[in-house]
Amino acid sequence: MGVSWRVLQLADSGFPTGGFAHSGGLEAALQQGEVRGREGLERFARELLWQTGHGALPVLGAAHREPSSLPTLDARMEAFLTNHVANRASRTQGRAFLGTCARIFPGPVGPVQQTVRKAGLRFHHAPLFGAVLRALEVERLEAQQLFLSLTLRGTLSAAVRLGMVGTHESHQLQHQCAPLLDEVFAACSELGAEAMSQTSPLMDLLSATHDRLYSRLFLS
């Protein structure tokens, strides 16, 4: 099955979900001196994708398979994200993504938003992404691929705005990451929610320092 028009719309950088307000922890890592130059950015992107694969794709997939499990998966994500910056970012992005999709696709996504609000959930991004894309009739594997791609693109966009690389160089790096995206997808797309894990504790620790940075361009 080819990529659907709806997936292309969701992947569009102009789709207003607020994702570009986040650096995925890159800003803190850069200011702490743990990421330097092109080589450091490549290493960071690799760690980020593996962390996304093991920490987000399992709950995304579970929510897509069974949207009724959203309360349990949202609570699992709340417990998993002990880093307050990452936890806040997940909730902020999830709320923005759900709200945007409910306004643009009110028929299929409106009921998801009502259910989430009624249940008093924390709006964590990964499980909501899975449930929303299920409602939009996007296949699970496409949804997981899209989430990985958006994660990488968002961080590389942040790298451009932080002055680490230029626009062309960031897209070169995105292209070079294609085999890595395939590798992460193959290893993590079928994992269940019980397999969630933290694969990059140093990245998590660096991200947690974001609120203490002297100056900040991003929310996380």
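Residue numbers start at 1 along each chain as its sequence is written. Because the model is predicted, local features need pLDDT of at least 70 and side-chain atom pairs count only at pLDDT 80 or more, while totals for chains, interfaces and linings use all residues; side-chain values use heavy atoms, with hydrogens and water left out.

**The core**

Select Val-132 and Leu-133. Among the 63 residues of the largest nonpolar core, these two touch the most other members. Such a core is a set of buried Ala, Val, Leu, Ile, Met, Phe, Trp, Tyr and Cys residues joined through side-chain atoms within 4.5 Å. Buried means under 20% relative accessible area, exposed over 50%, and partly exposed in between (1.4 Å probe, protein chains only). Now colour helix 9, residues 140-161, which gives the most to this core with 8 residues. Helices here are DSSP runs (H or I, at least four residues), numbered from the N terminus.

Stay on Leu-133 and display its contacts (heavy atoms within 4.5 Å). Leaving aside residues up to four places away in sequence, Leu-133 touches Leu-10, His-64, Phe-97, Val-138, Ala-143 and Leu-146.

**Stacked rings**

Next, show the aromatic rings. There are 3 aromatic pairs in the structure. Rings of Phe, Tyr and Trp (its six-membered ring) pair if their centres lie within 6.5 Å; planes under 30 degrees apart count as stacked, over 60 as edge-to-face and the rest as tilted.

Select Phe-15 and Phe-105: this pair is stacked, at 6.4 Å centre to centre with 20° between the planes. Phe-15 lies in the loop between helix 1 (5-11) and helix 2 (26-31), and Phe-105 in the loop between helix 6 and helix 7 (106-119), so the pair ties together parts 90 residues apart in sequence. Phe-15 and Phe-105 are buried.

Move to Phe-97 and Phe-129. Their ring centres are 4.8 Å apart and their planes are at 25°, so this pair is stacked. Phe-97 is in helix 6 and Phe-129 in helix 8 (residues 125-135), 32 residues apart. Both are buried.

**Arginines over rings**

The criterion is NZ of Lys or CZ of Arg within 6 Å of the ring centre and within 35 degrees of the ring normal. Then select Arg-95, over the face of Phe-123 at 3.9 Å from the ring centre.

**Last stop: Ser-90**

Select Ser-90 in helix 6 (residues 84-104). Ser-90 is buried, with a relative accessible area of 8%. Beyond residues up to four places away in sequence, Ser-90 touches Leu-81, Phe-123, His-124 and His-125.

Conventions
Helices (H or I, at least four residues) and strands (E, at least two) are DSSP runs, numbered from the N terminus.
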